[in-house]
Amino acid sequence: MHSITVRPEAAEDARAIDVVHISAFGGEAEAHLVSALRAASTYNRELSLVAELNGRIVGHVLLTRVPLRRDGEEKNVLALGPMSVVPSQSHRGIGSELIRASVTLAREKGYGAIIVVGHPEYYRRFGFTPAKELQVTCNLPAPEDALTGMEIVAGNLAGGGHVEYPEPFLELY
Ligand SMILES: CC(C)(COP(=O)(O)OP(=O)(O)OC[C@H]1O[C@@H](n2cnc3c(N)ncnc32)[C@H](O)[C@@H]1OP(=O)(O)O)[C@@H](O)C(=O)NCCC(=O)NCCS
(Lines give C-alpha, C1' and ligand atoms only; values in the text may rest on other atoms or scores of the structure.)
Protein backbone atom coordinates (compact mmCIF):
# COMPACT_ATOMS: atom_id res chain seq x y z
CA MET A 1 0.00 0.00 0.00
CA HIS A 2 1.21 3.50 -0.82
CA SER A 3 1.84 5.72 2.16
CA ILE A 4 -0.92 7.91 3.47
CA THR A 5 -0.15 11.42 4.61
CA VAL A 6 -2.49 13.10 7.08
CA ARG A 7 -2.14 16.88 7.30
CA PRO A 8 -4.21 19.94 8.20
CA GLU A 9 -6.51 21.34 5.54
CA ALA A 10 -5.04 24.10 3.34
CA ALA A 11 -7.08 26.94 1.85
CA GLU A 12 -7.02 25.42 -1.63
CA ASP A 13 -8.34 22.02 -0.45
CA ALA A 14 -12.01 22.97 -0.13
CA ARG A 15 -13.17 21.63 -3.49
CA ALA A 16 -11.31 18.34 -3.11
CA ILE A 17 -12.81 17.90 0.35
CA ASP A 18 -16.29 18.45 -1.10
CA VAL A 19 -15.63 15.74 -3.66
CA VAL A 20 -14.56 13.28 -0.95
CA HIS A 21 -17.74 13.80 1.07
CA ILE A 22 -20.09 13.80 -1.92
CA SER A 23 -18.64 10.55 -3.27
CA ALA A 24 -18.51 8.81 0.13
CA PHE A 25 -21.92 9.88 1.43
CA GLY A 26 -23.63 9.81 -1.97
CA GLY A 27 -25.10 13.28 -1.54
CA GLU A 28 -24.18 16.88 -0.86
CA ALA A 29 -25.42 17.34 2.71
CA GLU A 30 -22.10 16.67 4.47
CA ALA A 31 -20.15 18.82 1.97
CA HIS A 32 -22.61 21.63 2.65
CA LEU A 33 -22.17 21.09 6.37
CA VAL A 34 -18.39 21.45 6.07
CA SER A 35 -18.83 24.64 4.02
CA ALA A 36 -21.23 26.07 6.58
CA LEU A 37 -18.87 25.21 9.43
CA ARG A 38 -15.95 26.89 7.63
CA ALA A 39 -17.95 30.11 7.80
CA ALA A 40 -18.75 29.69 11.52
CA SER A 41 -16.86 31.26 14.41
CA THR A 42 -16.01 27.79 15.78
CA TYR A 43 -14.02 26.89 12.65
CA ASN A 44 -10.32 26.24 13.05
CA ARG A 45 -8.49 24.98 9.97
CA GLU A 46 -5.91 23.29 12.20
CA LEU A 47 -8.72 20.97 13.34
CA SER A 48 -9.58 19.88 9.80
CA LEU A 49 -7.47 16.99 8.57
CA VAL A 50 -7.08 15.57 5.09
CA ALA A 51 -5.62 12.22 4.09
CA GLU A 52 -3.53 12.26 0.92
CA LEU A 53 -2.58 9.30 -1.20
CA ASN A 54 -0.03 10.02 -3.93
CA GLY A 55 -0.77 13.72 -3.63
CA ARG A 56 -4.55 13.29 -3.99
CA ILE A 57 -6.98 14.02 -1.17
CA VAL A 58 -8.86 10.79 -0.46
CA GLY A 59 -10.19 11.40 3.05
CA HIS A 60 -11.26 14.17 5.38
CA VAL A 61 -12.26 14.60 9.00
CA LEU A 62 -13.41 17.77 10.70
CA LEU A 63 -13.14 18.45 14.41
CA THR A 64 -15.27 21.20 15.90
CA ARG A 65 -15.00 22.76 19.34
CA VAL A 66 -18.33 22.25 21.11
CA PRO A 67 -19.49 23.14 24.63
CA LEU A 68 -20.31 20.37 27.09
CA ARG A 69 -22.52 21.64 29.90
CA ARG A 70 -23.19 20.10 33.27
CA ASP A 71 -24.61 21.62 36.45
CA GLY A 72 -24.17 25.17 35.20
CA GLU A 73 -20.55 24.55 34.26
CA GLU A 74 -19.22 24.48 30.72
CA LYS A 75 -16.11 23.12 29.08
CA ASN A 76 -15.07 22.60 25.49
CA VAL A 77 -14.67 19.19 23.90
CA LEU A 78 -14.18 18.25 20.26
CA ALA A 79 -16.90 16.84 18.03
CA LEU A 80 -15.52 14.56 15.31
CA GLY A 81 -17.28 14.62 11.97
CA PRO A 82 -18.13 14.58 9.25
CA MET A 83 -15.51 12.06 8.24
CA SER A 84 -15.27 10.16 5.01
CA VAL A 85 -12.96 8.32 2.65
CA VAL A 86 -13.53 8.06 -1.10
CA PRO A 87 -15.15 4.69 -1.91
CA SER A 88 -12.31 3.65 -4.23
CA GLN A 89 -9.86 3.82 -1.30
CA SER A 90 -12.02 2.55 1.57
CA HIS A 91 -11.10 -0.51 3.67
CA ARG A 92 -7.40 0.37 3.44
CA GLY A 93 -7.03 1.88 6.88
CA ILE A 94 -7.37 5.52 5.84
CA GLY A 95 -10.35 6.17 8.10
CA SER A 96 -8.43 4.60 10.98
CA GLU A 97 -5.47 6.88 10.26
CA LEU A 98 -7.75 9.93 10.33
CA ILE A 99 -9.21 8.93 13.68
CA ARG A 100 -5.81 8.23 15.23
CA ALA A 101 -4.55 11.58 13.91
CA SER A 102 -7.64 13.27 15.37
CA VAL A 103 -6.93 11.81 18.80
CA THR A 104 -3.30 12.91 18.62
CA LEU A 105 -4.33 16.40 17.50
CA ALA A 106 -6.92 16.71 20.26
CA ARG A 107 -4.26 15.78 22.82
CA GLU A 108 -1.76 18.26 21.35
CA LYS A 109 -4.36 21.03 21.43
CA GLY A 110 -5.22 20.31 25.03
CA TYR A 111 -8.76 18.99 24.62
CA GLY A 112 -9.99 16.51 27.21
CA ALA A 113 -12.45 14.51 25.15
CA ILE A 114 -13.84 13.77 21.70
CA ILE A 115 -17.42 12.91 20.93
CA VAL A 116 -18.84 11.59 17.68
CA VAL A 117 -22.19 10.77 16.12
CA GLY A 118 -21.64 7.83 13.80
CA HIS A 119 -21.41 4.07 13.49
CA PRO A 120 -20.76 3.00 17.10
CA GLU A 121 -19.17 -0.34 16.11
CA TYR A 122 -16.66 1.50 13.96
CA TYR A 123 -15.61 3.93 16.67
CA ARG A 124 -15.51 1.40 19.50
CA ARG A 125 -12.26 -0.09 18.22
CA PHE A 126 -10.54 3.25 18.71
CA GLY A 127 -11.66 3.50 22.34
CA PHE A 128 -14.96 5.35 21.97
CA THR A 129 -17.59 4.37 24.54
CA PRO A 130 -21.39 4.59 24.21
CA ALA A 131 -22.48 8.05 25.36
CA LYS A 132 -25.20 6.42 27.43
CA GLU A 133 -22.52 4.85 29.64
CA LEU A 134 -20.77 8.21 29.90
CA GLN A 135 -24.07 10.00 30.67
CA VAL A 136 -23.37 12.30 27.74
CA THR A 137 -26.23 13.59 25.60
CA CYS A 138 -26.36 16.03 22.71
CA ASN A 139 -28.78 18.37 20.96
CA LEU A 140 -28.85 16.37 17.70
CA PRO A 141 -31.90 14.17 17.07
CA ALA A 142 -29.64 11.20 16.25
CA PRO A 143 -30.33 7.66 17.49
CA GLU A 144 -29.08 7.37 21.08
CA ASP A 145 -26.67 4.54 20.16
CA ALA A 146 -24.97 6.69 17.51
CA LEU A 147 -23.40 9.02 20.07
CA THR A 148 -20.08 7.85 21.52
CA GLY A 149 -17.31 9.59 23.38
CA MET A 150 -13.67 9.15 24.30
CA GLU A 151 -11.69 10.75 27.07
CA ILE A 152 -8.32 12.11 26.02
CA VAL A 153 -7.65 13.17 29.59
CA ALA A 154 -8.77 10.51 32.08
CA GLY A 155 -11.88 11.60 33.95
CA ASN A 156 -12.68 14.48 31.60
CA LEU A 157 -16.18 13.16 30.90
CA ALA A 158 -16.82 12.01 34.48
CA GLY A 159 -20.38 12.86 35.42
CA GLY A 160 -21.37 13.31 31.80
CA GLY A 161 -23.03 16.40 30.39
CA HIS A 162 -24.94 17.80 27.43
CA VAL A 163 -23.13 18.71 24.21
CA GLU A 164 -24.45 21.56 22.06
CA TYR A 165 -23.61 21.11 18.40
CA PRO A 166 -23.69 24.38 16.43
CA GLU A 167 -26.61 25.16 14.14
CA PRO A 168 -25.20 23.80 10.83
CA PHE A 169 -25.19 20.26 12.29
CA LEU A 170 -28.89 20.53 13.15
CA GLU A 171 -29.67 21.17 9.49
CA LEU A 172 -28.38 17.68 8.63
CA TYR A 173 -31.38 16.14 10.42
C1 LIG B 1 -16.68 4.87 7.46
C2 LIG B 1 -15.46 5.24 6.63
C3 LIG B 1 -14.96 6.63 6.99
C4 LIG B 1 -14.36 4.22 6.95
O5 LIG B 1 -13.19 4.57 6.21
P6 LIG B 1 -12.14 3.44 5.79
O7 LIG B 1 -10.92 4.09 5.30
O8 LIG B 1 -12.81 2.45 4.90
O9 LIG B 1 -11.88 2.77 7.21
P10 LIG B 1 -10.78 1.70 7.60
O11 LIG B 1 -10.16 1.09 6.37
O12 LIG B 1 -9.88 2.32 8.58
O13 LIG B 1 -11.65 0.64 8.34
C14 LIG B 1 -12.47 -0.22 7.58
C15 LIG B 1 -13.31 -0.99 8.55
O16 LIG B 1 -14.26 -0.13 9.12
C17 LIG B 1 -15.45 -0.82 9.39
N18 LIG B 1 -16.53 -0.07 8.82
C19 LIG B 1 -16.56 0.63 7.68
N20 LIG B 1 -17.77 1.20 7.52
C21 LIG B 1 -18.49 0.87 8.59
C22 LIG B 1 -19.80 1.12 9.01
N23 LIG B 1 -20.63 1.85 8.27
N24 LIG B 1 -20.22 0.61 10.20
C25 LIG B 1 -19.37 -0.14 10.94
N26 LIG B 1 -18.13 -0.45 10.59
C27 LIG B 1 -17.71 0.05 9.43
C28 LIG B 1 -15.34 -2.20 8.81
O29 LIG B 1 -15.08 -3.10 9.86
C30 LIG B 1 -14.12 -2.09 7.92
O31 LIG B 1 -13.41 -3.27 8.01
P32 LIG B 1 -13.09 -4.10 6.67
O33 LIG B 1 -12.18 -3.20 5.84
O34 LIG B 1 -12.43 -5.32 7.18
O35 LIG B 1 -14.42 -4.31 6.00
C36 LIG B 1 -15.73 5.16 5.11
O37 LIG B 1 -16.20 3.87 4.81
C38 LIG B 1 -16.75 6.18 4.64
O39 LIG B 1 -16.36 7.25 4.23
N40 LIG B 1 -18.04 5.81 4.65
C41 LIG B 1 -19.09 6.66 4.13
C42 LIG B 1 -19.20 7.92 4.94
C43 LIG B 1 -19.55 7.65 6.38
O44 LIG B 1 -20.41 6.84 6.70
N45 LIG B 1 -18.88 8.41 7.26
C46 LIG B 1 -19.24 8.48 8.63
C47 LIG B 1 -18.58 7.54 9.48
S48 LIG B 1 -19.47 7.62 11.04
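Q: Which residue in β8 is the bridge partner of Ile-115?
A: Gly-149 is the bridge partner of Ile-115 in β8. Keep in mind that this is a predicted model.

Q: How many bridges join β5 to β8, and which way do they run?
A: Five bridges join β5 to strand β8, residues 147-151, and the two strands run antiparallel.

Q: What about β4 and β5, parallel or antiparallel?
A: Strand β4, residues 73-85, pairs with β5 in the parallel sense, over three bridges. In one of these contacts between strands, Leu-78 has Ile-114 of β5 as its bridge partner.

Q: How does the chain get from β4 to β5?
A: The chain crosses from β4 through α3 to β5, and this β-α-β crossover is right-handed.

Q: Why is β5 described as largely enclosed?
A: Strand β5 covers residues 113-117, and four of its five residues are buried, so the rest of the structure largely encloses it.

Q: New topic. How many residues does α3 have, and what span does it reach?
A: Helix α3 has 15 residues and reaches 21 Å from its first C-alpha to its last, close to the 21 Å expected at 1.5 Å a residue.

Q: Which residues of α3 are buried?
A: Among them are Ile-94, Leu-98, Ile-99, Val-103 and Leu-105. Gly-95, Ser-96, Ser-102 and Ala-106 are also on the list.

Q: What follows α3?
A: Gly-110 follows α3, and its phi is positive, near 85°.

Q: Back to Ser-96. Why does it count as buried?
A: Ser-96 has 15% relative accessibility, and buried means under 20%, so Ser-96 counts as buried.

Q: Which residues is it in contact with, leaving aside neighbours within four places in sequence?
A: Ser-96 is in contact with Tyr-122 and Phe-126.

Q: Aromatics, then. How many aromatic pairs are there in the whole structure?
A: A search of the whole structure finds four. In the pair of Tyr-122 and Tyr-123, the ring centres are 5.3 Å apart and the planes are at 80°, so the pair is edge-to-face.

Q: Are those two buried or partly exposed?
A: Tyr-122 is partly exposed, with a relative accessible area of 22%, while Tyr-123 is buried, at 6%.

Q: And why is the pair of Tyr-165 and Phe-169 edge-to-face?
A: The ring centres of Tyr-165 and Phe-169 are 4.8 Å apart and the planes are at 65°. Planes over 60 degrees apart count as edge-to-face, so this pair is edge-to-face. Tyr-165 and Phe-169 are both buried.

Q: Which residues do ring pairs link into a cluster?
A: Tyr-122, Tyr-123, Phe-126 and Phe-128 are linked into a cluster by ring pairs.

Technical notes:
Residues are numbered from 1 along each chain as its sequence is written. This is a predicted model: local features need pLDDT of at least 70, side-chain atom pairs count only at pLDDT 80 or more; totals for chains, interfaces and linings use all residues. Side-chain values use heavy atoms; hydrogens and water are left out. Buried means under 20% relative accessible area, exposed over 50%, partly exposed in between (1.4 Å probe, protein chains only). Contact means heavy atoms within 4.5 Å. Rings of Phe, Tyr and Trp (its six-membered ring) pair if their centres lie within 6.5 Å; planes under 30 degrees apart count as stacked, over 60 as edge-to-face and the rest as tilted. The expected span of a helix is 1.5 Å times one less than its number of residues. Two strands pair if DSSP finds at least two bridges between them. A crossover is right-handed if, with the strands pointing away from the viewer, the path from the first strand over the helix to the second runs clockwise.
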